[in-house]
Every structure is written in C-alpha cells, then in structure tokens.
Amino acid sequence: MAKAVFWTGNEVCAEAAIAAGCRFFAGYPITPSSEIAAVMAQRLPEESGTFIQMEDEIAAMGAIIGASLAGVKSMTATSGPGFSLKQENIGFACMVEAPCVVVNVQRGGPSTGLPTHPGQSDLMQTRWGTHGDHTTIALAPAYLRELYLEMIRAFNLSEKFRVPVIVLIDEILGHMSECFEAPTPNEYTVINRVKPTCPPEKYNPYEVQDGELVPTMASYFEGYRFHATGLNHDKTGFPTTHPIVCHQDEVRQLAKVSHNRAEIDSWEEVMVEDAEILVVSFGSTARGAHSAVLEMRKQGVRAGLFRPITVWPFPDEEVRRLARKTKAIVVAEMNLGQMILEVERAAHSDIKIVGCQKVGGVPVEPYEIVAKIREVA
Amino acid sequence: MAFDYAPYMRMSKLPHLWCPGCGIGIVVKSLIRAIDRLGWSKDDIAVVSGIGCTSRAPGYLDMNTLHTTHGRAISFATGIKLVRPDKHVIVIAGDGDMVAIGGNHFIHACRRNIDITCIINNNNIYGMTGGQYSPTTPHGAKAATAPWGNMEPCFDLTKLAMGAGATYVARGQVGNGVQLERLIRDGLDHHGFAVIEALSNCHTQFGRRNKLPDPMQLIKHIQDKTVPKSKAEKMDSAELAGKFVVGELFRDTDRPEFCDEYAKLQQRAQAASKKKTAVPVA
Ligand SMILES: Cc1ncc(C[n+]2csc(CCOP(=O)(O)OP(=O)(O)O)c2C)c(N)n1
Ligand code: SF4
C-alpha cells in the first residue's frame, strides 16, 4: 500500500538508498548534507547494514569503494569542500569500475563559502572534478518524490555500468520537506551488478564480450582473487603501459556512458513544442523556472521549460532540437554561468542565449526569470 | 626443504619491479610464510596497499588484491573489513604512504581497533618518487629534497601506533626474516588493529645518498641500530639513544574490536526497531 511520507530531501536520499539495496555508508559531517549520514547511522544497522563516520571525506570515499569491491552497494554524501576532497578517489572508482553513489548537497560559494545556503556551482566540478579523462553520470532531480526515484536510478546505473554516480542536489532540496506517496517497490526495479559465471581461472575482471562494454564483476572473497588498481591496466586487471591497450581501455570506459544514452538520459519538458522562449534550468532552480514559464504563458508569451534530470552526460541532442525551434534561450542557474556553457555548445546556433544567474546563497526567483524572458521575448 | 612461495604468488607477474636487493622482497616473503603457518586460504585474504614501491606488493600476491590511491589504503581496507568482518584484511605500505599522506587514516584505524593487520615497510625514504625525505627519514640524513641534510625530526612509528590505540605493535627488520615472519604471524593472528613496522633498506634512494649504496651494507647498518626487546629492557635511556627496539612491543587483548562492537550495535538496533514496529498504532 502506498504510504504518505513527509520527509526532507536528505531523509529521502537515505531512505531511497536503502530501498535500492545500499547497505554501506561512510561519511564525514558537512552542512548541508549531514542529515543523510544521521539517518543512515540510525537506519542501516536496523537493515543489517553498516554505517561509519570516517576521519575525513577522502577516507569515506575510499571506504565505500572498498565495500563495493567486497560486493555491497555503497554510498557517501557530502557538500562543497568535502566533494573537492573526494575527487581523487572518485577517479579511482572510475578506473577500477567500482559501482557507488555520491550525493552532493550543494552549498553556496567557493572554498568554505556559504555552508548553510544553497548553490549550484559544482555542476562543472561534478563532470570534471577528478583528473584524467573519465566518464560521469550525474542526476539532478528537482522534487522530492523524483529524488527518491532518481536515487534508486543512481544505484541502478552505477551497478549496471560500473561507474560512480553522483546525485546533485542542493541545500534547498536537502532541507525542504515535501509530502508525497513513497514509491512502492512495484514502481521501480532494482538492478544488481552482473557477476561472472565462468570459473575463476578463466575470469578477467576487465574483459568484455564482443559488442559489450561493461565487464562482469566478481566480489572479493568469492574465489576469483582479482586485482584492482588505479594504474592503467589491461583486461586482466594488471598494470600496463601499452599505448594501444591503455587508449582502448579508456575509450571503452567513456563508451559505457556515451553508448548508453537512451538508458541514462532523462529530462522533463514543459510546453516546449510551441515555445518561442526556452528556459533551461535544473534542480531546485527549475522549480522557480517552471513557475516563471506558467506566469509567462498567462501573460501570453509562449515560454517553455527544458529541465535536464540527468545533467551529465548533458542532453545535447534535445537541446539542439529545441534550439532550432526557439527564438531565444534563458538558462537559469544558481551559479555564475556553468550549464549555459553546455547549452551554448549543444544549441550550436546563433539564437540569443542568455543567463539568469545568481550566487550569494539565495534562490533564483521566478520574477527574475520572468524579467529575463521579457528581455529576450 | 626450502619454502615454496609459488602457491601464494602470481608467478606470471614476475620479474617484479623492485631493485635487486630491495628489502621489500624480504617483507613480502615473511608475510607469505606467516600466512602459510596460519593455514589461511588465499580466497579469504584481501591485501590492500596505497602507492609507492612497497604498495606494488599486492600485485604479486595471488589473493584478493587492491592497489589504491597514495596514503588511502587503510580507508579502502576499512570498507572491505566492515562488510566482510569474517575475512582477513591486510594492509601493506611504505612509510610515506602510511604516516605522511596516510597518517590520519593510520591513527584513526589504531583508535578504532579494527581487525586489520598493517605492515609498514619503513625504508626511511620515498623510494618510488626518487628519494625525497619522509616522516621517518633520520635527522641529518640526505635526501633528494634534503640536499643539506634532513632538518625535520622524525616519527617513531611504533610509539605513534601505541599512542593512537593499536592493540598489537611490533617492530622487525629485514636483516632477520625469521623474527619478522613471527611478528607478522602474531599480528595477523591478533584480533584487533595490528601494526608491524619492518625496518627496511632502500639502498637505491636512501643508501646512495647516505654512503650506504650496497644493500648488504645498508641492511648491516639497520641491524646495528636495532636492539632486541629483552636486551633493551636492561639498558638505560642514554644507551638506547638512536637505537630501535625490535620484537613485540605491545599487545592488549582486552580492548574491544570494532567489527565485534558494530555487530552488537546492529543487534541492539534491530531489537529496538522490532519493539517500535510491534507497538499497535492507535
Ligand atoms: C596524491 C599523490 N601524491 C603524490 C604521489 C606521488 N608518490 C608516489 S609514491 C610516493 C611516495 C612513496 O614513498 P613511500 O610511501 O615511503 O613508499 P616506498 O616507495 O618507499 O615504498 C609519492 C609521494 C601520488 N602518487 N599521489
Ligand atoms: S627504489 Fe628503493 S624501495 Fe624502491 S624498489 Fe628500489 S630499493 Fe626498493
């Protein structure tokens, strides 16, 4: 039976993770994400799972990768400075192809910034934060019921494609409460990593069958005794400096995401079909953008909203398609111009593309987006 | 009969990348013999390392192996151990790896007393990156980044471990493989966080800069600095200055182990939540 819940976004992250099968959480306190850890500390032992507060965010990221390799679905949650600290090990998770989920409840400002206020300035860091070429899947829901389902999708995508998946919310979504019907298990599927069926002596941890991109994944202690390293490696998992092998393996890792866009991409469109002015916005800012679009429609201006839910990979094709039909695009975001760079790249057109940008720890208000739309209408 | 290491190794990965005569080989062999004495199955052992010459060891061991990021081995090992407390988790790393960049994780693992065995190959230098000074480089010794002699004071890793709460602490040296094997075996067997420091030779990066370029010469130099615990007990502090006491230095079997405590916490949580759900809703 559907259960009505009244949860904060941070509570949703924790409960949905458990529903997705997460049984290990390692974290380090940081505002505005801390409540996720607090709920996990309470709930995981009840579910025979394990919670640990590590000595820093680097350690928390390392611990969840270790737990993942030992076969348990794992996650961490952080904000701002903590997300910066995790970057090296996020790259490690990419390299060893360890499924895991990282929630980043964004706060305002660079450095210590505005710990108790929202921001969306980690969008580019989410994509490019760790060094080297690597792939990123990042999901940025805007509503709490959606957050619940996107958390489950985050675990599913990470298990299926063996990549770390980042759930990008912000202080507004993390701390706001919404009343909604908790999704029941028949509304979603839970995906688990595919394990090898071959005998251990035949197992190569990074070998893929023809036409496939994701290797099967054994867990430690199951007799497969594989090696995992952050060094470039061949299909056996052992280090190599062979230029062709290294090149091909990195290309395969990127292809896991780029060749599976149909499954990974997700967005919402609101009245875009006849829109003359397209608003592009994500996460909590998109809630205001939605209101602005409705307001413009009331005033007779044909505005529409395109809201990427999967922000990485960025939905280029869709933006390009819509850009061909519109007069101008307004990109509303709580940073000084990050998603707009993607929109410009994807639109690949001469139409006017303007930003409605704000930092300082307060949301972009609908009236501000309305004013921008008026400016270009 | 000579001990056969092959069953524990990934023989196809040889030759190894270490310099001829490097002390790491003695540490790894001592570890293998210790595991063999305990009769553990390779399937039940995870060996985790960071980055450095020492940290390349897991690649040669036919076990569940993980070569992580510089300094972070203990964090990954903690995740593994917490979800599989029934398995054996071993960390092996160099001095820079473990107590410079990894120092924070090291002291907190000691404090938690989690059942992981941590072997530190202390060669007093950053081997892999070319001989920069580490937190254990002796005062006055030369290093690539200490051309005028190291001006920094150095750590005593065993005291650090004891101070932070490790419940088994031992020091061995590569000049005595028999003793090192025994110390590692006792550390593996110990239920709690065990630290075994192995004083080791990096003749290539440390020795060359400090007039000890030959492995045997450097190992002899290390041996001369060490004093067995039994003898040290009869020496005064003046006599012990500059010496390194070897042997089992500390053992506490009373302090609770982290995973055991967590298992109890899970039971408490589950009992409480059962009670909670049993209350009829008005
Ligand atoms: C974050 C990071 N910083 C620096 C390095 C470069 N680095 C590689 S190994 C190493 C030190 C190795 O010294 P030690 O840990 O004492 O091990 P040894 O090589 O002597 O066994 C350093 C600084 C790195 N790989 N990652
Ligand atoms: S550089 Fe030093 S530590 Fe590294 S393999 Fe050579 S002797 Fe051993």
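Visitor: I'd like to begin with the place where the chains meet. How much area do chain B and chain A bury between them?

Guide: Keep in mind throughout that the model is predicted. For an interface, we can look at its area, then at who takes part, then at individual pairs. Here chain B and chain A bury about 3300 Å² between them, and 60% of that is on carbon and sulfur atoms. Chain B contributes 42 residues to the contact, and chain A contributes 40 residues.

Visitor: And how many salt bridges are there between chain B and chain A?

Guide: The count is 3 salt bridges. R112(B) forms a salt bridge with E55(A), where the closest N and O atoms are 2.8 Å apart.

Visitor: Which elements of chain B each supply at least two residues of the side that touches chain A?

Guide: Those elements are β1 (45-49), β2 (64-67), α2 (73-83), α4 (103-112) and α11 (258-278) of chain B. The largest share, 8 residues, comes from α11(B). Sorted by kind, the residues on this side of chain B divide into 13 nonpolar, 17 polar and 12 charged.

Visitor: Could you show me one residue at that contact in detail? Where is H227(A) placed, and is H227(A) buried or exposed?

Guide: H227(A) sits in strand β10 (residues 227-229) of chain A. Its relative accessibility is 2%, so H227(A) counts as buried. Leaving out residues up to four places away, H227(A) touches P205(A), Y206(A), G237(A), F238(A) and P239(A) from chain A, along with R10(B), P58(B), G59(B), T65(B), L66(B) and H67(B) from chain B. With T65(B) there is also a polar contact of 2.7 Å between the side chains.

Visitor: Now a polar residue inside a chain. What lies 2.9 Å from a polar atom of the side chain of N10(A)?

Guide: That is the backbone oxygen of P32(A). N10(A) belongs to helix α1 (residues 9-19) of chain A. With 0% relative accessibility, N10(A) counts as buried. Beyond four places in sequence, the residues it touches include S33(A), E35(A), I36(A), V105(A) and H175(A).

Visitor: What does the side chain of T167(B) make a polar contact with?

Guide: Its partner is the side chain of N113(B), at 2.6 Å. T167(B) lies in the loop between α5 (157-164) and β5 of chain B, and at 1% relative accessibility T167(B) counts as buried. Among its other contacts, leaving aside neighbours within four places, are H190(B), F193(B), F250(B) and R255(B).

Visitor: How should I read a whole helix? How many residues has helix α6 of chain B?

Guide: Check its span, then see which residues are buried and what they pack against. Helix α6 (residues 177-189) of chain B has 13 residues, and its first and last C-alpha atoms are 18 Å apart, close to the 18 Å expected. Its buried residues are G177(B), Q179(B), L180(B), E181(B), L183(B), I184(B), D186(B), G187(B) and L188(B). They pack against α1 (24-38), β3 (88-94), β4 (116-122), β5 (168-173), β6 (194-199) and β8 (244-251) of chain B.

Visitor: Back to charges. How many salt bridges does the structure hold over all chains?

Guide: The total is 47. E263(A) forms a salt bridge with K160(A), with the closest N and O atoms 2.8 Å apart. E263(A) is in helix α9 (residues 261-264) and K160(A) in helix α6 (residues 144-161) of chain A, so the pair ties together parts 103 residues apart in sequence. E263(A) counts as partly exposed at 35% relative accessibility, and K160(A) is partly exposed at 35%.

Visitor: How far apart are the closest N and O atoms of D156(B) and R171(B)?

Guide: They are 2.9 Å apart, in a salt bridge. This pair links distant parts of the chain, 15 residues apart: D156(B) in the loop between β4 and α5, R171(B) in strand β5 of chain B. D156(B) counts as partly exposed at 25% relative accessibility, whereas R171(B) counts as buried at 2%. Salt bridges can also share partners, as in the one network that joins R261(A), D265(A), D316(A), E342(A) and R345(A).

Note on methods: Residues numbered from 1 in each chain as written. Chains lettered and ligands numbered in written order. Predicted model: local features only at pLDDT ≥ 70, side-chain atom pairs only at ≥ 80, totals over all residues. Heavy atoms only, no water. Helix = DSSP H or I, 4+ residues; strand = E, 2+ residues; numbered from the N terminus. Expected span 1.5 Å × (residues − 1). Buried < 20%, exposed > 50% of the residue type's maximum accessible area, 1.4 Å probe, protein only. Contact = heavy atoms within 4.5 Å. Buried area = accessible area lost by both parts, 1.4 Å probe. Salt bridge = Lys/Arg side-chain N within 4 Å of Asp/Glu carboxyl O. Nonpolar A, V, L, I, M, F, W, Y, C, P; charged D, E, K, R; others polar. Polar contact = N/O pair within 3.5 Å; in protein donor to acceptor, adjacent residues only side chain to side chain.
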